[in-house]
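Take a look at the structure shown here. This report goes through it one topic at a time.

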Amino acid sequence: MKLSKSILAAGVGIAALASATLAHAQPTAEVLHWWTSGGEAKAVAALKKDFEEHGGKWEDSPVAGGAGDAAMTVLRSRVLSGDAPSAVQLKGPAIQEWAEQGALANLDDVAKKEDWDAVIPKRIQDIMKYDGDYVAVPVNIHRVNWIWSNPELLAKVGAKEGPKTWKEFNELAEKLKAAGITPLAHGGQPWQDATIFETVVLGMGGPEFYQKALVDLDEDALKSDTMKKVFDEMRTIRGYVDPDFPGRDWNLATAMVMNGKAAMQIMGDWAKGEFLAAGKVPGKDFLCSATPADNGNGFLFNTDSFAMFKVSGEDKIEGQKLLAELIMGKKFQKTFNLLKGSIPARTGVSLDDFDECAKKSAADMEADQKTGGFLPSMAHGMALPGHLSGAIVDVVTAHFNSDMSSDEAVNRLVEAVELAKD
Ligand code: BGC
């Protein structure tokens, strides 16, 4: 869906008029976020604690729903009614869109004081800035293209680790199926279908193809034979999920791997947050491996961040500054990311206390940055504005949940992207 720019701008104007200034008030932040699963809740509680320990008053506004679709709907209506929350979990190009509306507060004062330019990687800085000014602050770097697997179930079919190619993935899944084990835990929600889809695009097509197809929206790539093969693979994968998959939340799919009900899940490393919150140990109770890479390694990144919306009242403005400053702090970035499953978004935080999956994430990120394999996630709002990614996700989901042919899916993909571009 395309944001209605004029309406949103009107909403922001009303918000700015709304409240009176309080002198020397307690720093206060109403925080809108979608971190409600076990691991997510632990991570956001760490932020709340840090904020409160520094004298802040935290007003929690959680909106349940993986990947934040529901949270973004609430955000739009809050802004439209002139009641923007002060701090909002917001990501990727959506930051630019809201900044364009004039809805976001400028964080340059805090950024200069804390020297953000020196500690935030350039690629991430570009996402956090609008017109050269900081308007958002990053909390983490999640990697999307992971397989989480249950080592006991893999062992039943003689496997010790996750598959390295999609052919191996299919062979392993067939063996699991033959052994009466559900190969893939999946939740049938559009963003989860899209999460699998983008890892297949990356894995089968390679990083360059991913960039062309899902970032540049190059028509030749979108209608290529490679894209048809991607949809073929999606059809094959559809045969590896259990019958109860429609509508299932992602964390319940993670629990299936944890509890031996399914062998693998393709999901970003917020899934690791779930395993850890349940006391599971990486390398022992669960395994992490990058999704299959037939054509060169890649890293699909997804950086959570907070944008501060323009609000009035000294308490709220002080709250925004305090929150922004704490989020970039080394201590917070370590505590939060240990719980969230991600790695820090800033330099200078030691990974010594992090597990092997996080260390692999950091090492792969460094290697893939050198080869062009470090790429923004389409499914998680990092690559494209919402109306464009939405057009792609609709086709992916329609294909996954029907008997649509790969030829038709590719035609629909090209058509949907063209329409959305206009
Ligand atoms: C967010 C994660 C979150 C996940 C599931 C992703 O888009 O970046 O922080 O844990 O969705 O809700």
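## The disulfide

Cysteine 288 and cysteine 357 are joined by a disulfide, with 2.3 Å from S to S. Keep in mind that this model is predicted. Searching the whole structure turns up one disulfide.

This bridge also has a handedness. About the S-S bond of cysteine 288 and cysteine 357, the torsion is about -105°, so the disulfide is left-handed.

## Where the ligand sits

Now turn to the ligand. The largest cavity holds it. Two domains take part here. Domain 1 covers 2–139 + 305–352, and domain 2 covers 143–301 + 361–421. Both give residues to the shell around the ligand, so the ligand lies between them.

## The shell around it

How many residues surround the ligand? There are 13, and the closest are Glu40, Lys91, Asp304, Lys340 and His380. Five of its residues are nonpolar, four are polar and four are charged.

## Contacts with ligand oxygens

Start with glutamate 40: one of its polar side-chain atoms is 2.4 Å from an oxygen atom of the ligand. Next comes histidine 380, where a side-chain N or O atom lies 2.8 Å from an oxygen atom of the ligand. Alanine 67 uses its backbone instead: an N or O atom there is 3.0 Å from a ligand oxygen atom.

How much of the ligand does the protein bury? Taken alone, the ligand exposes 310 Å², and the protein buries 100% of that.

Methods
Residues numbered from 1 in each chain as written. Predicted model: local features only at pLDDT ≥ 70, side-chain atom pairs only at ≥ 80, totals over all residues. Heavy atoms only, no water. Near = heavy atom within 4 Å. Polar contact = N/O pair within 3.5 Å; in protein donor to acceptor, adjacent residues only side chain to side chain. Areas by Shrake-Rupley, 256 points an atom, 1.4 Å probe, with all protein chains shown as cover. 1 Å grid on protein atoms, 1.4 Å probe; cavity = no way out; pocket = protein on both sides within 12 Å on 5 of 7 lines; lining within 4 Å. Sits in = over half its atoms within 2 Å of the grid points. Nonpolar A, V, L, I, M, F, W, Y, C, P; charged D, E, K, R; others polar. Domains from an automatic or database assignment. Disulfide = S-S within 2.5 Å.
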